[in-house]
Every structure is written in C-alpha cells, then in structure tokens.
Amino acid sequence: MPVSASAIYFLNLRGDVLINRLYRDDVGGNMVDAFRMHIMQTKELGTCPVRQIGGCSFFYMRISNVYVVIVVSGNANVACAFKFVVEAVNLFKSYFGGAFDEDAIRNNFVLIYELLDEIMDFGYPQNLSPEILKLYITQEGVRSPFSSKSADRPVPNATLQVTGAVGWRREGLVYKKNEVFLDIVESVNLLMSSKGVVLRCDVTGKVLMKCFLSGMPDLKLGLNDKIGLEKESELKSRPSKSGKTIELDDVTFHQCVNLTRFNSEKTVSFVPPDGEFELMKYRITEGVNLPFRVLPTIKELGRTRVEVNVKVKSVFGAKMFALGVVIKIPVPKQTAKTSFQVTAGRAKYNAAIDCLVWKIRKFPGQTEPTMSAEIELISTIAEKKSWTRPPIQMEFQVPMFTASGLRVRFLKVWEKSGYNTVEWVRYITKAGSYEIRC
Amino acid sequence: MAPPVHTQRSPSPSQPSGKGEVSDLKMQLRQLAGSRAPGTDDSKRELFKKVILSMTIGIDVSSLFSEMVMCSATSDIVLKKMCYLYVGNYAKGNPELALLTINFLQKDCRDQDPMIRGLALRCLCSLRLANLVEYLVGPLGSGLKDNNSYVRMVAAIGVLKLYHISAATCVDADFPSMLKTLMLNDPDAQVVANCLSALQEIWSLEAGTSEEASREREALLSKPVIYYLLNRIKEFSEWAQCLVLDLVAKYIPSDSNEIFDIMNLLEDRLQHANGAVVLATIKGFLHLTLSMTDVHQQVYERIKAPLLTLVSSGSQEQSYALLSHLHLLVMRAPMLFSLDYKHFYCQYNEPSYVKKLKLEMLTAVANESNTYEIVTELCEYAANVDVPIARESIRAVGKIALQQYDVNAIVDRLLQFLEMEKDYVTAETLVLVKDLLRKYPQWSHDCIAVVGNISSKNVQEPKAKAALIWMLGEYSQDMLDAPYILESLIDNWDDEHSAEVRLHLLTAILKCFFKRPPETQKALGAVLAAGLADSHQDVHDRALFYYRLLQYNVSVAERVVNPPKQAVSVFPDTQSSEIRDRIFDEFNSLSVIYQKPSYMFTDKEHRGSFEFSEDLGSLSVGVESADNISPAQRVEASDNDLLLSTSEEEESRGPSNNGSAYSAPIYDGSSISVVASQTQSEPTFQNRAFPAYALQSNLAIDDLLGLGPQVAPAPAPAPSPPPLNLNARPVLDPSTFQRKWRQVSASLSQEGVITSEGTAALMTPQVLLRHMQGHSIHCIASGGQPPNFKFFFYAQKAEEPVAFYLVECLINTSSAKAQIEIKAEDQSTIHAFSVVFQSALSTFGYQNLGESLV
C-alpha cells in the first residue's frame with residue numbers, strides 16, 4: 001500500500017472491539033466509535049464497504065460474525081487493503097484450524113497480537129505466508145527458527161525463508177508417501193431470460209492442490225486448453241490429437257508458478273508450497289456446458305391463484321449424478337396455502353424467503369423431474385400492484401463434471417531424489433449464481 | 001494505544017474480572033519475579049497470558065507495569081513477546097515507567113538470537129515516546145547493519161517510526177542515506193521493500209522544507225533505481241510488488257523502446273493471483289502509454305480479461321474495489337467495452353453498491369448495436385424489489401434515450417413503466433419523460449397521451465410532481481383537462497411542502513393561461529394570491545413578479561413565460577473532464593472509489609498533528625473543503641438548473657417593472673382578490689425581510705448564498721454591536737494557539753442554551769464556521785461527533801495594542817447546551833469581545849444563561 005494502514009480492528013456484530021492494533025498515531029483511538037456510530041448503527045451497513053468519516057477512510061468486511069475494519073488516513077490502495085484482510089483471515093484460519101469467528105478470536109488473543117505484529121509493521125504489509133510464519137510462530141508457543149538450542153530442526157537458511165526469498169516452501173520436508181491431490185473446482189454462473197435465452201453465462205474455475213511431497217519437487221501440469229495444446233504441437237511439430245480444446249479467457253496463477261515459462265512454453269511449471277493452496281484461477285465464457293436446464297411456467301390465475309410448473313432437465317452423462325440440488329422457486333409474499341407434487345426429491349414452502357424450496361439429494365444425469373404446484377394467495381386491498389417475480393435460483397454440485405470441459409492431461413512430478421508419487425485428480429462443478437427468470 | 005473499552009459479554013471463570021483480580025495478579029507476579037525454580041517460566045507464561053487477556057478486554061492493568069518489567073528478565077521468547085506487547089500498550093501512558101524498560105530492551109537488541117534482536121528493536125521503536133528518542137539511535141544504527149535480514153527489515157521500518165517521533169533526530173543521524181544504501185544493495189527483498197516504503201514517506205514529508213529531500217525523492221524515480229527494482233521484482237512479496245509497481249507508474253521513460261521493455265518485463269504480472277498486483281500493473285501500463293494513443297488502446301484490450309476475471313472472483317468487497325476501477329476505465333473509453341456489456345448485467349443477489357456501478361457502465365457502453373439488449377435488461381431491473389436500484393435503472397434507460405438517436409423503442413419502454421403503477425417507477429419515469437421531451441419535442445404526442453392519464457394524486461415525490469406540472473403547463477393545449485388538474489393542485493397549495501413544486505405550479509398556470517385563458521383565469525387568480533401569501537421567498541417573489549408583469553403588459557408577459565423553445569441538444573456532463581483526469585492519475589487508490597480526486601477528501605493542510613488533548617481524538621482541524629458534495633447531489637443540482645434555464649431564465653430576461661406604479665388591475669373578478677391579498681401581504685413582507693437585513697446583515701448574506709440555516713432572528717433583540725473592531729484576517733498557527741491558550745490566564749466562561757433551529761443547523765458545523773468567519777472570528781479546529789461538538793475559535797483586535805482572543809466552544813446538540821470559554825490577551829476588552837461573540841452566535845438562537853470571570 002503506498003499509503004499505510006493506521007489501524008486494524010476486529011469487532012463483533014454488536015460493535016464491541018474484540019481486538020485491535022493501532023499501527024500509527026495519525027488516527028485517534030476513538031475512530032472505532034465513529035465507525036460504530038456512523039456505519040454499524042445506521043442503515044449504511046451493507047451499502048458500501050468503503051466509507052469516509054471525519055477525514056479517515058474505513059474499509060470493512062464481514063467474515064462470519066466478525067467485522068474486520070482497516071482505518072487509513074490518506075489516499076490508500078483499496079484493492080491492496082481488502083486483499084490484505086482476506087489473506088490475514090486465511091492466515092488466522094490456518095492457525096485456528098479452520099474457523100474464524102468471535103470465539104476463535106477470544107481464545108487466541110496472544111497469538112493474534114503476535115501475528116498482527118508480524119504481518120504488518122507500521123501499516124505496511126510484511127510477510128503473510130502461513131508456511132513461513134508457522135516456522136517461528138506456532139500454536140504451542142513461539143520458537144525461534146534461529147535458536148541454536150534445538151538441534152533437531154536444522155534449518156540452515158531459515159533467515160532467507162523468514163524474509164521471503166523462496167516465500168512459499170521450506171527445504172528439508174520429508175514424507176513417507178509422496179502424494180499430490182488436484183481438484184478442479186468450477187462454478188458456473190448463468191442468467192437466463194424468461195424466454196429461455198442465455199443472457200449471460202460464464203465459468204470461473206480454480207485448480208486447488210494439496211501436496212505432500214518431499215524435498216524441492218518441480219511439477220508440470222498439462223491441461224487441454226487451446227493455447228497450451230497449440231504451443232505443444234508447434235514445438236513438437238506434430239498435429240495435436242483430435243479432441244476438445246478449451247479456450248481460457250483469462251488465467252491467473254499462484255506466485256509459485258514460473259510465469260516466464262508459462263508465457264514462452266505455455267506449460268504450467270512450479271515448485272509447490274507444502275500443503276493446500278490454489279494453483280490457478282481461470283475464466284471461460286465460450287462453449288460452456290450447462291449441467292441443468294430449467295423450464296418454468298408460472299401462470300397467475302385471477303387474483304388469488306398461481307399455478308407453477310417447473311421442469312428441470314439434467315444434461316450431463318447418464319452415468320453421472322448431481323448432489324445437493326436445491327431449486328428455489330419464488331412465490332408472492334401474500335401466499336396463503338401451497339400444494340404441490342414432485343416426481344423426485346422433496347419440496348416445501350419457506351415463508352421466510354418467499355420460495356418453494358425443492359431439494360433433490362441425488363440427481364442422475366439425463367433425467368427430467370418436474371414439480372407442479374398450486375398457490376393460493378390472500379386477497380389484499382392493494383390488488384393492482386402486480387407481483388414482480390424474482391428469478392428461480394439453483395444450487396448443485398456435479399462431481400466428475402466440468403462445465404468448461406477442462407481436463408488434466410498430465411501432472412508430472414520431478415525431484416532430484418527421483419521418488420515415485422501418487423497423483424489424485426478430481427473434478428467438480430458447482431452452481432455459482434444460477435438464475436432463471438420467470 | 002488506548003485499550004479497548006470494556007466489552008466482555010460474560011467473563012468466563014478463568015478471566016480476571018476486576019480490581020481484586022489485578023492486585024491478585026500483582027502479588028503472583030512479585031512472587032515469581034525473583035524465583036529461579038524450574039517451571040517458573042511456565043507459570044509466568046500463564047500469568048502473562050492473563051495480563052494480556054485483561055488488557056484486551058479493557059481492564060486497566062497498567063498498575064502492573066513495574067512487576068511486568070521485573071519479570072521480563074528471562075530468556076524465554078514467549079514471555080519476551082508478551083512482555084513487549086504489554087510494554088508497547090502501556091508505555092505511552094507511563095513515560096517514566098517506560099524508561100525502566102529501555103535497559104532490558106537495549107540489552108535484547110544485542111541478543112545472540114536474531115529473532116530476539118528484531119523483536120526487541122521493533123518494540124523499542126514502537127514505544128513512540130519523545131523522551132526516549134536518544135536511546136533509539138544506537139540500536140537502530142546497529143540494526144541496519146545487522147547481518148540478519150530479519151533485524152534489518154525491522155530496523156528499516158524502525159527508522160520511519162523514529163522519523164515520526166522526531167524528524168530531526170532521524171535526519172541528523174543520517175539514517176535516510178543509510179536506508180538508501182541498504183535499498184540499493186541488500187540481498188533480501190523485504191528489506192529493500194521496507195527501505196523503499198520508509199524513504200518514500202520520509203522524503204515526501206521532508207520535501208516541503210528541504211531541497212535536497214525533494215531531489216532525493218526525484219532520485220527514487222530515476223532510471224537506475226527503477227531498473228534495479230524492476231529487475232528484482234520477482235523476488236519481492238506480492239505486497240512489495242504493489243509498492244514497486246506504484247513507483248514504476250510514476251516513472252517517465254525516455255523513449256518508446258524503454259516503455260515496451262518495461263511492459264514486456266511486467267506483462268506476466270497481469271496473471272498474478274493477487275488482484276492488487278494486477279491492478280498496480282494495470283496502472284503502470286496505463287500511465288506509461290498515455291502519450292501513445294494506439295498502444296494505450298491495446299493496453300485496454302489486454303487488461304480487459306484479467307480485470308473481468310478479478311471482478312468475478314473473490315469477496316464482494318474485493319470485487320467492488322476492482323469494479324470501481326473497471327468503471328473508471330469504461331467511463332473513459334466506453335467504445336472499447338461495448339461488446340462486453342453482458343458482463344455488466346446484474347445478478348439478483350448482488351449488493352446494491354455493485355449493481356449501481358454496473359448500471360452506470362451499462363449506460364455508458366450502450367451504442368447503436370447493443371441498445372436493444374441493454375434496455376431490455378434494464379427494464380427487468382425496473383421491477384426489482386430493491387427500490388433504489390429500480391430507480392437507478394429507470395434513470396439509466398432515460399440516459400440512454402438521451403444519448404441515442406433512435407429513441408423510438410425506448411420511448412415505448414418508458415411509457416410502459418408508467419403502466420406498472422408503482423409510485424416510485426411512475427415518479428422516476430415522469431422526470432425522464434420531461435427531460436426527453438425537452439430534447440425530442442417531436443415525441444410530445446405519444447407521451448402526452450399517456451402522461452395525461454396519470455392521476456396527480458398518485459404522484460407524491462416533489463421532483464416527479466414538478467415534472468408532471470411542467471408538462472401540464474407546457475403541453476396544456478394538447479391535454480384536455482390540464483387547467484382543471486392544475487386548478488385542483490392549487491387547492492392543496494398549503495399542503496404542498498416543496499417550494500420547487502409551488503414554483504412550477506405558478507409558472508405552469510401562467511403558461512396554461514396564455515394558451516387557454518377562459519378556463520384558467522380563475523386558477524390564475526387563486527395561484528397568484530396563494531403565491532403572494534407564501535412564506536417562501538422565491539415563491540413569493542415569483543408570484544409578485546408575474547403579477548406585476550401581467551399588470552405591465554400582457555403580451556410581454558406571454559413572451560416571457562411562453563417563448564419559442566429550442567430543444568436541448570446536449571445535457572452537460574456532471575463531472576468535468578479535468579476532475580476525471582485527476583482521478584485517472586490516482587488510479588488504484590481511494591479516489592477511484594469515491595469518484596473524486598484525493599485533494600477533495602484528504603487535505604493534508606487541514607489534518608495533522610494538531611491536537612489539544614486526548615479527549616478531542618477525532619478532531620478535524622479547520623474548515624472542510626466546500627466541495628464535499630457527493631456527485632449525486634451535484635447531478636441533482638444541475639438538473640434543477642436545467643429545468644430552470646428553460647422556463648425561468650427566459651422569463652427573467654423580460655422587462656421588469658420597478659413596482660412603483662400601481663395601475664388598476666386589468667383582470668376583473670378573480671384579480672380583485674389578488675389585490676386584496678396583495679395589500680394584506682405587503683406589510684408582512686416589510687416586516688419579515690427588511691428588518692432582517694438591517695439587524696443581521698451577515699446572516700442575510702449567508703442566507704443569500706444558501707449557506708445559512710433557516711433560522712428566524714433570535715426572539716430577544718440581538719445585542720447592539722459593541723465598539724470592538726476585529727481584524728478580518730488574523731494569522732495564528734495551531735501551535736501558537738496552544739501556547740497562548742496555556743499562557744493566558746484571564747478567561748471568561750459562560751453557559752447558554754441554543755434553540756432547536758440552531759442545533760439543527762449545527763448538524764453541519766461548516767455553517768457555523770463560515771458564519772463566524774463573517775464576524776472576523778476564525779476557527780482553528782473543530783471536531784467531535786454528534787451530539788457533542790467542539791470548536792476552537794480565535795480573533796484579533798484590529799486596533800493597537802493588537803491582542804488575540806481565544807475561544808473554546810462546546811456544544812451539545814441533543815441537550816441544546818453550549819459552554820463557552822473565552823481567553824483574552826487584553827483583559828480589558830474581554831467583555832466587549834464576549835458580546836461580539838454572543839451576538840454572532842445568537843443567529844443560532846444562542847442565549848447566555850450566566851458567566852463567570854476567572
């Protein structure tokens with residue numbers, strides 16, 4: 001951040017300060033009161049995550065039941081500040097074992113103080129990499145990586161690691177069984193008009209990895225994306241095998257990926273961090289295979305009755321199945337009574353969100369269950385106000401299916417000791433915002 | 001650091017809850033202090049944890065300071081860290097005790113373990129106590145030369161901390177040049193980054209006073225430094241990369257080859273997973289290519305994909321920050337994004353701040369080829385449950401209509417909105433139809449047919465009502481019942497709160513009168529009567545003006561009110577291109593989010609080290625810039641002006657009657673009542689306006705400028721101006737003020753009450769400040785949050801001997817009380833000044849209840 005953060009606060013939903021760190025003196029200690037008074041206790045909450053009060057700017061994010069607030073006094077870099085909060089929360093999560101909430105903060109005061117001091121100094125972000133920080137700040141207490149007393153941890157160049165020259169991996173890791181897990185997780189976003197026209201559709205995908213590898217391995221990942229394949233066939237001067245190629249609109253990589261090599265050879269090669277991390281992110285807008293089609297017909301019969309028929313068609317392979325399918329069909333606010341039949345799963349009326357919620361736990365491919373419902377409405381005095389129908393929303397997970405068609409062609413692990421590795425690859429497609437207007 | 005206020009919900013048994021616990025802790029710490037028994041460290045850890053816990057939940061444990069320091073003689077790094085934390089927290093409140101810690105901190109700075117050296121040095125620099133500065137220089141100097149990078153990293157920022165405590169000490173010890181050497185030579189990237197941060201800050205702050213510093217600041221942007229940093233960019237952490245990239249964006253390359261070299265080197269940064277790095281790279285690319293139009297466009301094409309990816313991933317807040325930047329780029333070059341309009345479609349569950357930006361982008365990228373799709377999509381949002389967004393989307397449709405040539409389909413859409421019969425949709429649409437008619441009068445037929453069917457009872461919002469009335473007046477010849485609708489509106493004149501609506505009603509009826517005299521005559525009489533009796537100055541004046549105009553010459557009046565109109569061809573842009581360029585220069589910062597250049601929200605001149613006491617805390621010094629109107633307000637303002645410009649400006653060009661000659665009214669019947677009411681209203685007019693001018697000329701001027709509150713003069717007659725002349729432009733800087741405040745003993749305190757109108761006006765303190773300035777009383781600092789406000793004023797006597805008057809004014813708006821303390825260098829005139837001050841403040845309904853001289 002060209003302009004540094006003056007303070008960071010962690011507040012609970014009532015606005016009590018759980019813990020804070022003032023990095024600079026240029027904002028008053030009572031700035032948090034201003035935040036509470038002008039944002040938390042007004043309707044402003046949720047209108048905009050960046051607000052200015054009395055010469056200071058507040059950036060805030062809600063994470064579970066905690067507000068994380070950064071206060072700056074100058075013209076700061078917003079993107080950087082938010083990214084910092086996200087990374088810091090990830091760091092805390094990795095220390096607390098997954099959860100980041102009010103209780104976790106209350107139980108880890110000392111640890112959080114230590115971390116806050118390490119990750120930011122005088123308002124400038126320092127090292128936030130959990131791998132490195134865990135070397136000298138641990139849950140059991142604090143060890144010094146430089147300590148000469150413990151001979152069982154020979155970390156010769158820990159200095160370099162602490163300050164981040166090879167920020168993401170330390171040397172001397174040993175695993176009995178060398179394993180790599182690779183997950184391709186895609187979330188498909190759809191906006192369909194009531195006439196069945198796709199207004200907007202894209203897939204944002206992530207390649208997540210979990211590495212349990214000894215030493216300093218070099219990994220190479222091959223995907224069936226168009227640029228990579230073309231480049232390869234060009235290099236090897238042979239035509240690429242026929243098969244589907246995917247055009248990625250945009251890719252971003254974890255800092256471990258050698259971007260120079262990606263740009264020249266179009267292969268993804270990297271020395272992975274230990275444990276879990278997100279290797280790459282991509283976005284695709286062309287040639288998306290939608291896993292579900294939704295065909296709704298909603299008829300308003302007179303003033304007090306609505307007839308709803310929804311057919312959902314799964315368009316992936318018959319041997320595959322989707323899990324946790326939830327279809328939310330909106331109904332008017334003044335719904336009095338509902339009755340429905342479904343050919344699969346279970347449905348109920350949820351008055352809190354004004355929706356019929358239809359759940360199908362296991363949804364095989366190439367099937368088309370239907371729901372037909374009849375809704376009775378309370379007749380109101382304000383009759384002429386027509387019902388503005390919100391879209392139908394859908395949630396699902398389809399294992400072993402990628403909406404983009406992306407596939408892993410190879411994953412090579414090379415380490416100088418030449419051990420064998422076991423590689424696991426999984427695919428899953430989830431619903432992002434899957435909306436069908438009706 | 002002020003410890004957070006007591007916040008615990010229900011302390012669990014293990015947590016100390018009060019005073020008893022603190023003294024208990026004190027005892028236990030004492031016992032352990034001298035002990036060397038095995039296992040002492042573990043029990044100390046537990047105790048220290050309890051102390052830290054108490055500190056965090058807001059229990060004051062500063063009384064344990066000496067015990068904590070005694071216990072800190074340990075080799076255990078856990079204990080040391082907790083002790084550092086404790087010391088860092090309470091040192092500021094106990095500067096004398098903090099001196100105790102110096103010894104062991106300095107010793108730790110020479111420890112064998114680099115970790116401890118680093119931590120101790122950080123703690124030492126974080127004490128932020130001016131009386132300890134001398135102890136900092138030594139450890140910092142050796143820290144910068146330490147063979148361990150962790151210590152150097154801490155030391156680099158330590159230098160910056162020292163600079164903020166005592167700039168002179170830092171510069172005298174020659175630390176900046178040491179940092180510079182370190183920055184250019186250190187093998188560790190984080191050390192380099194920290195040196196860079198520190199140097200940037202130090203030299204920017206020094207640049208104002210020292211030429212060398214400003215040269216050094218320029219040197220950071222020189223070719224060797226930039227190239228050195230660029231070549232090492234991959235070693236830096238993602239945060240440090242942002243820092244370097246930001247510096248690169250300011251670099252001015254000598255030729256185009258250099259530009260391409262830098263861009264090639266940085267291109268892969270666009271694929272970085274950290275959105276902040278990508279954004280910083282984009283900034284660099286955009287700024288480097290500003291002079292090369294073609295390449296600049298290619299850069300837009302290149303950065304589009306990464307930006308769109310970032311916007312669609314990550315948390316809402318991150319995507320908002322990125323979307324704001326995308327918004328800026330779209331606004332700069334809408335054509336380049338016209339094919340990507342689908343990315344700006346809103347999702348149902350998106351927060352409204354995201355939707356709002358998307359709507360604006362959709363509006364901007366609309367062109368001949370995509371208008372149909374975009375307008376169709378916008379129409380979907382008009383039925384949105386989120387009312388503000390529904391309104392925005394209707395406005396967006398209207399804006400597109402005003403941009404395009406082919407408005408045929410859009411007009412139909414707009415008219416369909418009117419059939420939705422939702423109040424807010426109707427309201428927004430009416431305003432739009434009005435604007436549309438001003439630009440495309442040829443559509444009047446279609447629009448009028450639909451507008452005529454709207455019942456004026458369903459339109460409540462002032463802007464919409466004004467628009468409807470404008471159309472009724474303007475097109476009264478085409479709308480059968482226009483005179484009758486207008487007439488029914490006059491019946492509710494007294495219930496109509498908006499002056500804008502009343503003004504429009506006046507004008508509309510007059511317009512209608514010239515088009516359909518027999519039907520409107522009665523209404524005209526009624527409206528002029530109502531207007532003349534109106535308490536709003538503008539309404540009253542306009543009614544009077546029309547009345548006299550009609551008396552003077554009817555045909556002239558017609559020319560004034562109903563001139564041939566030209567269609568408005570271009571509606572002015574709400575933001576000047578200069579401001580937009582300024583924002584673009586500050587890409588990747590808050591300016592883009594706030595949509596205004598940084599000088600508008602961070603004026604360093606007005607903020608800074610000036611603080612009177614702890615309790616003032618969030619004091620913002622001086623008058624805030626007058627430009628802090630939000631863009632939306634500005635739009636509204638200019639809309640108003642526009643509306644006025646077609647209807648009123650032409651009117652005001654007509655010959656004006658000076659009102660001395662009262663000829664007999666030309667219109668019989670109805671106008672008799674006009675005269676009657678005229679004669680009635682004249683005395684009240686006299687009473688209200690003129691004495692106000694005479695008594696409180698300053699207030700009246702404020703009011704003319706629209707700055708002053710709508711406050712009636714104080715019920716009691718204002719005190720007569722005392723024979724004290726004040727210097728209109730006294731000069732006093734904050735530190736002198738502080739010094740004088742302490743020195744001057746003669747003071748006068750008084751308490752008083754403020755009327756409710758006064759407190760309402762004080763919700764925006766600028767009003768008060770400007771008002772007082774009109775009385776030669778200047779504000780040096782103001783602050784506080786509602787309901788408590790605090791102001792510091794000063795004034796200077798104009799005659800010899802020159803003397804200052806200092807005022808501290810505390811106002812509580814909820815209890816409507818004010819406390820004033822006046823100090824005067826010249827005691828003999830303190831009462832005279834007090835009277836001046838009170839009379840100035842009496843505009844806000846201030847009344848003195850009692851005073852005491854000290």
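Reply: **A helix of chain B and the interface**

The model is predicted: local features need pLDDT of at least 70 and side-chain atom pairs pLDDT 80 or more, while totals for chains, interfaces and linings use all residues. Residues are numbered from 1 along each chain as written, chains are lettered from A and ligands numbered from 1 in written order, and side-chain values use heavy atoms, without hydrogens or water.

Helix α11 of chain B covers residues 189-206 (helices are DSSP runs of H or I, at least four residues, numbered from the N terminus). Its first and last C-alpha lie 25 Å apart, close to the expected 26 Å (1.5 Å times one less than the number of residues). At its start, a side-chain oxygen of D188(B) comes within 2.9 Å of the backbone nitrogen of Q190(B).

Turning to the interface, 97 residues of chain B are in contact with 105 residues of chain A (heavy atoms within 4.5 Å). The area buried between the two chains is about 9,000 Å², carbon and sulfur atoms giving 55% of it (accessible area, 1.4 Å probe, lost on being put together, summed over both parts). Seven salt bridges are counted between chain B and chain A (a side-chain nitrogen of Lys or Arg within 4 Å of a carboxyl oxygen of Asp or Glu). One of them joins E380(B) to R437(A), with the closest N and O atoms 3.9 Å apart. Helix α8 (residues 149-165) of chain B gives the most to the side of chain B that touches chain A, with eight residues.

Notes:
Helix = DSSP H or I, 4+ residues; strand = E, 2+ residues; numbered from the N terminus. Polar contact = N/O pair within 3.5 Å; in protein donor to acceptor, adjacent residues only side chain to side chain.
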